[in-house]
There are 2 protein chains.
Amino acid sequence: MDKLKQRILEEGNAAAGGILRVDSFLNHQVDVMFLQDIATEFMNYFGNREITKILTVEASGITVAAFVALQFGVPLLFAKKTAAANMESEYYQAPVSSYTRGLDYNIRVSAKYLGPNDKVLIIDDFLAMGSAVDGLCEIVKASGAELVGVGIVIEKGFQPGGKEIRARGIDVHSLVIIEELGDGEIRFR
Amino acid sequence: MDKLKQRILEEGNAAAGGILRVDSFLNHQVDVMFLQDIATEFMNYFGNREITKILTVEASGITVAAFVALQFGVPLLFAKKTAAANMESEYYQAPVSSYTRGLDYNIRVSAKYLGPNDKVLIIDDFLAMGSAVDGLCEIVKASGAELVGVGIVIEKGFQPGGKEIRARGIDVHSLVIIEELGDGEIRFR
């Protein structure tokens, strides 16, 4: 997606440790008009498949996933990172490690909202080590739903998540793949 | 908003401790088509004011705020709850206590994305004790931006947040106010 590459080059900030900051338009301040274009890209790729639910994990994947859900006309479901009193007691759970936060936690989806009749498209903003997407795939499997594919805005091709998930036969569509992230330098695959 | 009252009565679940579960359409599974109607209600109320940014806090306020931002044609900005390596080092910060999670934490907004030229509408899904909205107001003030108002989907009128924030002269618009939440009973103001 050329427009996305351009914004990453213009506004992205390559920080130490393979970190890419795109918080001017994607995961802190959010350009919602641009996210609609991003959602359209996922619609172009997955639009001919039957999808009943868009699944993501809080927090920064939520905006993209919401606009994708709107284009598909199906509910959004976001996995929660913390146990809360306003959550139902029966849920699917999977462990996740966050690379950017240096934290391990469990993500949870209420068993009420995912089941064998669902056809699920997972959407997230980043794919790097693949831990969040792995956790979401595990939850989809535990629920008996069908996993249609995974849509990612920015994949870090120099980290192994995308390769490993594709090797399991899952259809992963990333709008851009970053091959190398150096000292202020960003190179796309 | 009658449609919202109806969905709360049909799908909401009053749990112990003044908790209202609306995770079938608002804060876990999300009915994105319905959220567009909700965003329109905020547009009807705040649409004649100049607004440059929609501000919320992760995670469950993000979907509503994203659709409001889309209708206003301005960026969404969501405060973060945890420090992350992909966040800039200069930020505004405020303490928040979560009633439903039983946690205290700091919320942060990068100083790059909020300043004296901004006119801010705060959007959140719930208003109860008011701690999250208080924290967001504190961040708006620290940045020098103008606070235009606060839009809330569901206010718990039996908890003091709404009253206290209105008493400071802030324009709080809640789409529904719940007066009483009992054993399976929900009564609106």
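User: Is A:Phe67 buried or exposed?
Analyst: In this predicted model, A:Phe67 has a relative accessible area of 1% and is therefore buried, since the cut-off for that class is under 20%.

User: And what about B:Phe67, buried or exposed?
Analyst: B:Phe67 is likewise assigned 1% relative accessibility, so that residue counts as buried.

User: How many aromatic pairs does a search of the whole structure find?
Analyst: The search returns 5 aromatic pairs over all chains. One of them is formed by A:Tyr45 and A:Phe46, whose ring centres are 4.7 Å apart. Their planes stand at 80 degrees, so this pair is edge-to-face.

User: Which accessibility class does each of those two residues fall in?
Analyst: A:Tyr45 is partly exposed at 36% relative accessibility. A:Phe46, by contrast, is buried at 0%.

User: What geometry does the pair of A:Phe67 and B:Phe67 have?
Analyst: A:Phe67 and B:Phe67 also make an edge-to-face pair, with 5.4 Å from centre to centre and 65 degrees between the planes. This pair crosses between chains. A:Phe67 belongs to helix α3 (residues 62-72) of chain A, and B:Phe67 belongs to helix α3 (residues 62-72) of chain B.

User: Where does the charged end of A:Arg7 sit?
Analyst: The charged end of A:Arg7 is placed over the ring of A:Phe34, 5.0 Å from the ring centre. In chain B, the charged end of B:Arg7 sits over the ring of B:Phe34, also at 5.0 Å from its centre.

User: On to helix packing. At what angle do α2(A) and α3(A) pack?
Analyst: Helix α2 (residues 32-46) of chain A packs on α3(A) at about 55 degrees, and the axes are 8 Å apart. The two helices are therefore oblique to each other. The crossing of α2(A) past α3(A) is right-handed.

User: Which residues meet there?
Analyst: On the α2(A) side, the contacting residues include A:Leu35, A:Ile38, A:Phe42, A:Met43 and A:Phe46. On the α3(A) side, they include A:Val64, A:Phe67, A:Val68 and A:Phe72.

User: How do α1(A) and α2(A) cross?
Analyst: The axes of helix α1 (residues 2-11) of chain A and α2(A) come within 10 Å and cross at roughly 140 degrees. These helices are therefore oblique to each other. A:Lys3, A:Leu4 and A:Arg7 of α1(A) meet A:Phe34, A:Asp37 and A:Ile38 of α2(A).

User: At what angle do α2(A) and α3(B) pack?
Analyst: Their packing angle is about 105 degrees, with the axes 9 Å apart. That makes α2(A) roughly perpendicular to α3(B). A:Val32, A:Met33 and A:Gln36 of α2(A) make the contact with B:Ala66, B:Ala69 and B:Leu70 of α3(B).

User: Which residues does A:Val30 touch?
Analyst: Not counting residues up to four places away in sequence, A:Val30 touches A:Phe25, A:Leu35 and A:Thr63 in chain A, together with B:Pro75, B:Leu76 and B:Phe78 in chain B. A:Val30 lies in strand β3 (residues 29-30) of chain A, and its relative accessibility of 0% makes the residue buried.

User: Which residues does a cis peptide bond join in chain A?
Analyst: A cis peptide bond joins A:Glu58 and A:Ala59, with omega at about 5 degrees. For context, most peptide bonds are trans. A:Ala59 is in the loop between β4 (53-57) and α3 of chain A. In chain B, B:Glu58 and B:Ala59 are joined by a cis peptide bond with omega of about 5 degrees, and B:Ala59 is in the loop between β4 (53-57) and α3 of that chain.

User: Last topic: where is B:Asp118?
Analyst: B:Asp118 is in the loop between β7 (103-110) and β8 (119-127) of chain B. The residue is buried, with a relative accessible area of 12%. Leaving aside neighbours within four places in sequence, B:Asp118 is in contact with B:Thr52, B:Lys53, B:Tyr113, B:Ala145 and B:Glu146.

Definitions and conventions. Residues are numbered from 1 along each chain as its sequence is written. Chains are lettered from A and ligands numbered from 1 in the order in which they are written. This is a predicted model: local features need pLDDT of at least 70, side-chain atom pairs count only at pLDDT 80 or more; totals for chains, interfaces and linings use all residues. Side-chain values use heavy atoms; hydrogens and water are left out. Rings of Phe, Tyr and Trp (its six-membered ring) pair if their centres lie within 6.5 Å; planes under 30 degrees apart count as stacked, over 60 as edge-to-face and the rest as tilted. Buried means under 20% relative accessible area, exposed over 50%, partly exposed in between (1.4 Å probe, protein chains only). Helices (H or I, at least four residues) and strands (E, at least two) are DSSP runs, numbered from the N terminus. A charge sits over a ring if NZ of Lys or CZ of Arg is within 6 Å of the ring centre and within 35 degrees of the ring normal. Axes are lines fitted to C-alpha atoms, for helices over the stretch in contact, and angles run from 0 to 180 degrees between N-to-C directions. Angles under 35 degrees count as roughly parallel, over 145 as roughly antiparallel, 65 to 115 as roughly perpendicular and the rest as oblique. A crossing is left-handed if the near helix is turned anticlockwise from the far one by less than a right angle, and right-handed if clockwise. Contact means heavy atoms within 4.5 Å.
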